[in-house]
Amino acid sequence: MDEITVINGKVFECNQCGECCRCLNHIDQLQEYNLGNGVCKFLENNKCSIYNERPNICRGEYLYHMYYEGMDVDEYYHMLHHYCDLIRGGKIDWKKTL
Ligand code: SF4
Ligand code: SF4
């Protein structure tokens, strides 16, 4: 299935605001994708143009299985949505997040 994150049959509701792809100045692992202003060079119309080949750090499923395996999936999604809100509001503390 394309363009959505699904874990254990549950879909992550992404509103495609694109903000998580505009904060690359804070993400060391994505510097080769950074246009220089924090925006990913693969972000087009708020969508990832390499979605099926995007790096692992951009994959909700990967991050779940790597770092949060065993957490209730709804709880994980709730946590991600909280981070989405913080990113959109410019209130995220990147040092504590990554
Ligand atoms: S910040 Fe959250 S809602 Fe916005 S595009 Fe990224 S994952 Fe989707
Ligand atoms: S590779 Fe895709 S998902 Fe990852 S930051 Fe760039 S546009 Fe966003």
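Arg 22 is partly exposed, with a relative accessible area of 30%; here buried means under 20% relative accessible area, exposed over 50%, and partly exposed in between, using a 1.4 Å probe and protein chains only. Its side chain meets that of Glu 19 in a salt bridge (2.6 Å, N to O), and Glu 19 is also partly exposed, at 27%. This is a predicted model, where local features need pLDDT of at least 70, side-chain atom pairs count only at pLDDT 80 or more, and totals for chains, interfaces and linings use all residues. Residues are numbered from 1 along each chain as its sequence is written, chains are lettered from A and ligands numbered from 1 in the order in which they are written, and side-chain values use heavy atoms, with hydrogens and water left out.

**Salt bridges**

- Searching the whole structure turns up four salt bridges, each defined as a side-chain nitrogen of Lys or Arg within 4 Å of a carboxyl oxygen of Asp or Glu.
- Lys 10 and Asp 74 pair through their side chains at 2.9 Å, N to O.
- Lys 10 belongs to strand β2 (residues 10-11) and Asp 74 to helix α2 (residues 73-88), so this pair ties together parts that are 64 residues apart in sequence; helices (H or I, at least four residues) and strands (E, at least two) are DSSP runs, numbered from the N terminus.
- Lys 10 is partly exposed at 33% relative accessible area, and Asp 74 is partly exposed at 43%.
- Glu 61 and Arg 54 form a salt bridge at 3.7 Å, N to O.
- In that pair, Glu 61 counts as partly exposed at 21% relative accessibility, whereas Arg 54 counts as buried at 7%.

**Pro 55**

- Pro 55 is found in the loop between β4 (47-48) and α1 (60-68).
- Leaving aside residues up to four places away in sequence, Pro 55 touches Leu 30, Tyr 33 and Ile 50, where contact means heavy atoms within 4.5 Å.
- Tyr 83 is 28 residues from Pro 55 along the chain, and their C-alpha atoms are separated by 19 Å.

**Ligand 2**

- Pro 55 is also one of the residues around ligand 2, together with Cys 21, Cys 40, Phe 42, Leu 43, Cys 48, Ile 50 and Cys 58; a residue qualifies if one of its heavy atoms lies within 4 Å of the molecule.
- This shell divides into eight nonpolar residues, no polar and no charged.

How values were computed:
Nonpolar A, V, L, I, M, F, W, Y, C, P; charged D, E, K, R; others polar.
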